[in-house]
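Please keep the sequence and the structure in view while reading.

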Amino acid sequence: QINMLVYIVILCYFICINCFSVSNLNHDIIHNKYNDCYMNINSDYPLQNDLIIKAAKGEKVNRTPVWLFRQAGRHLPEYNEYKTKRNKNFLQLLEDPVDVAECTLQPVRRYNIDAAILFSDILVILQALDMEVTMPGGVGITVPSPLLKPSDIFTRLPRSINVKEKLAHVIEAVTLIKKELKGKVPLIGFSAGPFSLMFYMVGGSSKKNQQIASTWLNTYPFESKALLDLLTDIIIDYTSAQIEAGADLIQIFEAMGEFINEADFYKWVLPSLKQIAFELKSKYPDIPLLVFPRGATYSLSALQEVGYDVVTLDTNTNRSNIRSILKQSKLSNKDNGNVRTSPASIQG
């Protein structure tokens, strides 16, 4: 029986599929440190609601799980009141684990939802790479000093980073959130995908220079591969640290998929996303993985095949044949702002 799995932006809907099996891993010796850390926090606060986890694994559920696609943020009056009280902008709130925990928990207090999602931003990894990220207002988040030439990859960026040091505030926030949730609902951690990070690193903005990243891939293939490899390794370390701190699911946002053509997506982006899924599933086989290739949902079947448990469709996705393309899919609709289809008209 096909069940529908729903999740919201302010209401948004998704595809959930059970698509990965780990059959040749020795579960007794996989990442014992993770097992000890994760089991400790979850033994202290066992989940009271694991509906979304069961659905993500393709298990039968008695109702459709609902959750926020991203943090509630600007639409909540309590969020705006809290931001004013703290006299901080969005990026400043992200720097303090207490602020992150509070903003993560606000929608859980207000709505009867089945998961919390970490209050964060996709560009925290750029900050960890010592690239400046600003939010001047009215133009979105920007990177005022992007990489200007291929050699900048080797002269301006480190070869690796210790995410537990550079992003310690995020990791601390994950554990604090888990303690505050006390098992009420699972916590979704997340990261940007490699191409989306590269998009900002070379273009500087989501509003301008939108084709620079795609141009770099074919003009500077060696340097682009080196950058994507660096970002892929960081994302694996970053999401691993979130899991070890207590995150119950991980979402990868390849949010700039609309700015790369299909052939280049399969050549450049899919291998990185495959590597992320492989590494995380090898270390944490019981943690569901979610992926959103916005503007590139032609890749949903391929992403299913490489190991993602939940794949996301956007409003441009052809819904007439999507079920036949995916295995054991649960079809719904996702929109970046408002749902354009009434819940009554969506068929599971």
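The structure is a predicted model. Asn49 is located in the loop between helix H1 (32-44) and helix H2 (51-56). Is Asn49 buried or exposed? Its relative accessibility is 15%, and because residues under 20% count as buried, Asn49 counts as buried. When residues up to four places away in sequence are not counted, Asn49 touches Arg63, Asp114, Gly183, Lys184, Val185 and Pro186.

**The protein as a whole**

The secondary structure of the protein consists of 15 helices and six strands. The protein has 348 residues, of which 56% count as buried. Consider next the contacts between residues at least 6 apart in sequence: 74% of these join residues at least 24 apart.

An unreviewed UniProt entry places the feature "transmembrane region" at residues 6-25 and 185-203. In the model, residues 185-203 are 53% helix and 32% strand, and the C-alpha atoms at the two ends of this span lie 38 Å apart.

**Two packed helices**

Two packed helices are described by the angle between their axes and the distance between the axes. Helix H10 comprises residues 194-203 and helix H11 comprises residues 212-219. How do these helices pack, and at what angle? The angle is about 100°, and the axes are 8 Å apart. H10 and H11 are therefore roughly perpendicular to each other. On the side of H10, the contact is made by Phe195, Met198, Phe199, Val202 and Gly203, while H11 contributes Ile212, Ala213, Ser214, Trp216 and Leu217. Sorted by class, the contact of H10 with H11 contains eight nonpolar residues, two polar residues and no charged residues.

**Further buried residues**

Asp99 belongs to helix H5 (residues 97-110). Its relative accessible area is 0%, so Asp99 is buried. Apart from neighbours within four places in sequence, Asp99 is in contact with Tyr82, Arg86, Lys88 and Leu93.

Val133 is placed in the loop between helix H6 (124-128) and helix H7 (152-155). With a relative accessible area of 10%, Val133 is buried. Which residues does Val133 contact, leaving aside its neighbours within four places in sequence? They are Leu91, Leu123, Leu126, Gln127, Ile141, Thr142 and Val143. Val143 can also be located by its C-alpha atom, which is 4.8 Å from that of Val133, although the two residues are 10 residues apart along the chain.

Ala255 lies in the loop between strand E4 (249-254) and helix H13 (262-283). Ala255 is buried, its relative accessible area being 11%. Not counting residues up to four places away in sequence, Ala255 touches Ser196, Phe292 and Arg294. The C-alpha atoms of Ala255 and Pro293 are 5.9 Å apart in space, while the residues are 38 residues apart in sequence.

| Residue | Relative accessible area | Class |
|---|---|---|
| Ser160 | 56% | exposed |
| Asn87 | 68% | exposed |
| Lys182 | 46% | partly exposed |

Ser160 is found in the loop between H7 and helix H8 (163-166). Its C-alpha atom is separated by 9.0 Å from that of Leu231, a residue 71 residues away along the chain.

Asn87 occupies the loop between helix H3 (77-86) and helix H4 (90-93). The phi angle of Asn87 is near 55°, which is a positive value in a residue other than glycine.

Lys182 is situated in the loop between helix H9 (168-181) and strand E3 (187-192). What is the phi of Lys182? The value is about 55°, positive although Lys182 is not a glycine.

How values were computed:
Residues are numbered from 1 along each chain as its sequence is written. This is a predicted model: local features need pLDDT of at least 70, side-chain atom pairs count only at pLDDT 80 or more; totals for chains, interfaces and linings use all residues. Side-chain values use heavy atoms; hydrogens and water are left out. Axes are lines fitted to C-alpha atoms, for helices over the stretch in contact, and angles run from 0 to 180 degrees between N-to-C directions. Helices (H or I, at least four residues) and strands (E, at least two) are DSSP runs, numbered from the N terminus. Angles under 35 degrees count as roughly parallel, over 145 as roughly antiparallel, 65 to 115 as roughly perpendicular and the rest as oblique. Contact means heavy atoms within 4.5 Å. Ala, Val, Leu, Ile, Met, Phe, Trp, Tyr, Cys and Pro count as nonpolar, Asp, Glu, Lys and Arg as charged, and the others, Gly among them, as polar. Buried means under 20% relative accessible area, exposed over 50%, partly exposed in between (1.4 Å probe, protein chains only). UniProt positions are given in the numbering used here, feature names are shortened, and annotations may be inferred rather than shown by experiment.
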